[in-house]
Amino acid sequence: MKDLRSFLDQIQDEIQYIDENVSPIHEMNAYVEAYEKIKKYPVLFFKNVQGKKVVINLFASIYRMGRALGCEKCTQAEISRKFFELSQKSMPVREVEDSVHVKIYSNLNPIPHIVHNELDGGPFIDSGLAILKDPETGALNMGIYRHQIFDDEHIGILTDPGHDAHYIIEQYRRLKKPVPITISIGHHPAVYFAAVSRPKGVGGELELAGGFLGESLEISYGEIEVPYLSRSEIVIEGIIENPSELVKEGPFGEWPKYYSGTQMVPVIKILKVRTSEDPIYLDIAAGYKDHLNLGVNLPHLASVYNTLKSLMPNILDVRFGYEFAPLLYIKIKKINEGDAKRAALAALSTEIAIRFVIVVDEDIDIYNDEEVMWAVLTRVSNPDSITIIPDVIGNFLNPANYSRDKEGKRTLDTKVIIDATKPVAGYAPVIKAPKNLVDRILSKVKNI
């Protein structure tokens with residue numbers, strides 16, 4: 001069965017172990033930043049964070065994410081294709097007796113209280129697989145949210161207005177009922193991929209995890225009506241006693257690499273904490289590649305690709321430019337004038353974090369940022385090639401978003417579409433050497 005430990009065994013060649021005592025306050029993210037400065041992205045396994053084991057930077061490499069999908073030695077394009085394929089598969093969950101979590105506590109004392117960046121408002125759990133139950137349909141929703149640790153018995157939960165968890169909590173608030181919730185920490189990366197994907201409707205992430213894993217996800221029930229993940233390292237069972245009662249949390253360094261400011265959030269009261277015999281706490285390096293790759297890049301890209309492909313068979317590929325979600329590249333086989341704008345509008349409707357969409361022709365390699373920019377500089381030929389759309393919902397964690405009301409939440413964004421495709425009627429030919437000669441010489445050069 002697949003879990004965090006089985007994956008760590010698989011990628012031993014990518015793990016950097018740190019034996020010395022490391023502080024949970026800022027020091028782990030400092031390690032991540034130091035490695036990023038030299039463009040290296042190992043998994044960092046801290047053996048002694050105030051006596052606790054912590055793994056961080058697991059998702060910092062797209063190629064390592066590919067290994068979690070069974071895609072060894074794949075190109076980035078092949079990893080994306082594999083992710084897109086698996087994001088459409090699912091398996092039913094399997095309920096089992098819990099044999100992993102042998103230690104039980106009444107508070108958060110057994111987990112590290114990590115302060116990620118220097119202006120954070122306190123310690124946060126940012127790697128929890130939270131499960132909520134729709135009070136009307138019974139559907140189970142799984143997602144990753146940030147949970148500020150207020151004290152050992154209370155944590156917050158920040159949900160985006162565009163996400164299902166926000167909708168579910170609002171349902172309980174309307175019904176004036178408490179909200180049961182479980183948070184599982186430390187599982188196979190494939191489970192995390194499912195948690196940040198966007199299946200249609202409320203729920204479906206647990207079954208989608210089975211599709212990514214290639215085996216049914218195992219769940220167990222404790223003392224509340226919401227299950228937890230049986231093979232996770234740590235489980236928190238809790239309840240939002242009054243979803244209408246909000247407290248201030250934050251700031252917190254978010255994926256756009258800015259602090260989000262403070263928010264008003266519901267409070268989860270801790271009922272029980274379960275751990276394995278010697279738990280490994282999986283953390284996410286907030287604001288770094290670890291965070292961006294998992295939280296935005298491949299999972300959200302899959303949602304965009306699947307939506308576009310269902311609408312337009314002439315969609316060839318999609319990619320976030322410079323590995324940053326607000327910028328999307330779409331490659332199409334252009335058949336009609338207007339295809340580019342239609343594809344861009346569909347993408348903007350699928351993923352609210354996207355701000356700029358660049359659409360290019362089939363001859364452009366979208367995994368080469370320079371080629372895409374060359375297309376923009378040589379194929380954007382008239383004012384109609386650029387479309388600016390104000391007042392569209394965006395991701396409020398991006399400080400570029402705004403509100404019409406000075407005191408309101410920054411949910412509005414301005415979207416930009418750049419049509420960098422050639423006219424259907426034809427365009428000046430691109431210079432190139434004969435393909436057969438290039439292929440022959442390329443094979444020779446590769447062997448030198």
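Colleague: In which loop is Pro 251 found?
Modeller: This is a predicted model. Strand 15 covers 246-249 and strand 16 covers 263-275. Pro 251 is found in the loop between strand 15 and strand 16.

Colleague: Is the peptide bond from Gly 250 to Pro 251 cis or trans?
Modeller: The omega of the bond from Gly 250 to Pro 251 is near 0°. That peptide bond is cis.

Colleague: Is Lys 39 buried or exposed?
Modeller: Lys 39 lies in the loop between helix 2 (27-37) and strand 2 (43-49). Its phi is positive, about 55°, although Lys 39 is not a glycine. The relative accessible area of Lys 39 is 65%, and exposed means over 50%. Lys 39 is therefore exposed.

Colleague: What is the relative accessible area of Tyr 322?
Modeller: Tyr 322 is in the loop between strand 18 (315-320) and strand 19 (327-332). Tyr 322 is not a glycine, yet has a positive phi of about 55°. Tyr 322 is partly exposed, with a relative accessible area of 48%.

Colleague: Which residues is Ser 80 in contact with, leaving aside its neighbours within four places in sequence?
Modeller: Ser 80 belongs to helix 4 (residues 76-86). Ser 80 has a relative accessible area of 4%, so it is buried. With neighbours within four places in sequence left aside, its contacts are Leu 298 and Tyr 367.

Colleague: How many residues of helix 7 are buried?
Modeller: Helix 7 takes in residues 205-213 and is mostly covered. What covers its buried residues includes helix 4 and helix 5 (164-175). Among the buried residues are Glu 205 and Phe 212. Of the nine residues in helix 7, the number buried is eight.

Definitions and conventions:
Residues numbered from 1 in each chain as written. Predicted model: local features only at pLDDT ≥ 70, side-chain atom pairs only at ≥ 80, totals over all residues. Heavy atoms only, no water. Helix = DSSP H or I, 4+ residues; strand = E, 2+ residues; numbered from the N terminus. Buried < 20%, exposed > 50% of the residue type's maximum accessible area, 1.4 Å probe, protein only. Contact = heavy atoms within 4.5 Å.
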